[in-house]
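Colleague: Please put the model on screen. I would like to go through its sheets, helices and rings with you.

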Amino acid sequence: MRAWEANIRKVVPYVPGDQPKGDRLIKLNTNENPYPPAPGVQDALKRMDYDRFRKYPDPAVTDLVHSLAEYYHVGDEQVFVGVGSDDVIAMAFMTFFNSQKPVLFPNVSYSFYKVWADLFRIPYETPELDADFRINPKDYYRENGGVIFPNPNAPTGLFLPLEQVEDIIRHNQDVVVVVDEAYIDFGGTSALELVKKYENLLVVQTFSKARSMAGMRIGYAIGHPDLIRALNDVKYSYNSYTMNMPSIVLGVEAVKDDAYFRETLKKIIATRERSKLRLRKLGFSFPDSMSNFIFATHERVPAEKIFEALRANQIYVRYFRQPGLDNYLRISIGTDEEMDELFAFLEKYLRSV
Ligand SMILES: *Cc1c(COP(=O)(O)O)cnc(C)c1O
């Protein structure tokens, strides 16, 4: 080994879902929204003055922070914005998880948590979900250096009722508790209402799923002003200009159109519920999803086989080659037409094997 290699930070990176190219494919593998962003976003994009690109963007992201604060009825000083919730959560790990004690997150949850913990050399433990993929709040009563979990959880889609979320926070008031609500708009109740009551709670959400803007990379956190100040101090010590100008402008536009947002959510939820019925008829079972994906296993045919067959037919879903998860497919909810094509294929395929 060359001497300088000893000083290289060694990490096993997170592996995002494929972004395959082509027009005829059906992409149900990364929980993107099948509908376009609010029409106002497109109008603002057309009006955008490219001469503004000469200048640095607003490092404080003032306009977008303000829009989000108004939308959620909190103070501007309670909102932090970052480059997708991945950036926000990475900042939260760096800012809040500096104990010698392990950070806790479920063994089955967003697989990026482990990667950030390793990257930042944060010790962690991963309490197991129960046999039905549920989080048991009692697993989070032990001493720790911080807690984070997605709600609804990924890739299971299960929502942990707010009383149980509060139970976890109540038992962990000496550390920061982060609730990652990437999928909360698809049916759960947000922990945002608990922010008033618990100054150690940070709620993280994103524009990538429910707001159809994964490509713009916008995420945000809401919490006590002291938490937000701490996040900003770390951000300004790392990179002041994380948010680019178009993302800030278009993010503000997206928040303005609540009617469109609600309409899109309603459609996706209706498609999800219809998809549950179809999948059940096809012999699949799954935890009852409150997100925009379904984590399904088939009664007879191994998930990996179905995954390969789908992919060969240009239908992409997510498969995790991981003990405990490797007989499941995570299927994002697309349009009704996309789901119908998926079901038509599955019906034929499952009859043939
Ligand atoms: C998609 C997702 C994120 C990250 O989304 P961004 O695109 O970075 O905002 C974070 N947490 C969970 C659980 C997710 O599924």
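This is a predicted model: local features need pLDDT of at least 70, side-chain atom pairs count only at pLDDT 80 or more; totals for chains, interfaces and linings use all residues.

Modeller: Residues are numbered from 1 along each chain as its sequence is written, and side-chain values use heavy atoms, with hydrogens and water left out.

Colleague: What is the order of the open sheet of five strands?

Modeller: Strands are DSSP runs of E, at least two residues, and helices are runs of H or I, at least four, both numbered from the N terminus. Two strands pair if DSSP finds at least two bridges between them. The pairing in this sheet is mixed, and the order is 1-11-12-10-9.

Colleague: Which residue in strand 10 is the bridge partner of phenylalanine 284?

Modeller: Strand 9 and strand 10 (residues 293-298) run antiparallel and share two bridges. One places serine 285 opposite threonine 297. For phenylalanine 284, the partner is histidine 298.

Colleague: How many residues of strand 10 are buried?

Modeller: Buried means under 20% relative accessible area, exposed over 50%, and partly exposed in between (1.4 Å probe, protein chains only). Phe293, Phe295 and Thr297 point one way, Ile294, Ala296 and His298 the other, and all are buried. Strand 10 also joins strand 12 through four antiparallel bridges, with isoleucine 294 opposite isoleucine 331. The count for strand 10 is six of its six residues.

Colleague: What angle does helix 9 make with strand 11?

Modeller: Contact means heavy atoms within 4.5 Å. Helix 9 (residues 303-312) packs on the sheet, touching strand 9, strand 10, strand 11 (315-319) and strand 12 (329-332). Axes are lines fitted to C-alpha atoms, for helices over the stretch in contact, and angles run from 0 to 180 degrees between N-to-C directions. For helix 9 and strand 11 the angle is about 150°.

Colleague: Why are the buried residues of helix 9 on the same side?

Modeller: The buried residues are Ala303, Ile306, Phe307, Ala309 and Leu310.

Colleague: Is glutamine 314 buried or partly exposed?

Modeller: Glutamine 314 sits in the loop between helix 9 and strand 11. Its phi is positive, about 65°. Leaving out residues up to four places away in sequence, glutamine 314 touches Arg24, Leu25 and Ile26. With a relative accessible area of 36%, glutamine 314 is partly exposed.

Colleague: Which strands does helix 5 lie across?

Modeller: Seven strands form another open sheet, ordered 2-8-7-6-5-3-4 with mixed pairing. Strand 5 (146-150) and strand 6 pair in the parallel sense over four bridges, and isoleucine 148 stands opposite valine 178. Helix 5 (residues 162-170) has buried residues including Leu162, Val165 and Ile168. Helix 5 runs at about 165° to strand 5, and lies across strand 5, strand 6 and strand 7.

Colleague: How far apart in sequence are the parts that tyrosine 183 and phenylalanine 293 tie together?

Modeller: Rings of Phe, Tyr and Trp (its six-membered ring) pair if their centres lie within 6.5 Å; planes under 30 degrees apart are stacked, over 60 edge-to-face and the rest tilted. The rings of tyrosine 183 and phenylalanine 293 have centres 4.9 Å apart and planes at 80°, so the pair is edge-to-face. Tyrosine 183 lies in the loop between strand 6 (177-180) and strand 7 (201-206) and phenylalanine 293 in strand 10, so the parts tied together are apart in sequence by 110 residues.

Colleague: Lysine 267 lies over the face of which residue?

Modeller: A charge sits over a ring if NZ of Lys or CZ of Arg is within 6 Å of the ring centre and within 35 degrees of the ring normal. Arginine 211 has its charged end over phenylalanine 207, 5.6 Å from the ring centre. Lysine 267, at 4.1 Å from the ring centre, lies over tyrosine 35.
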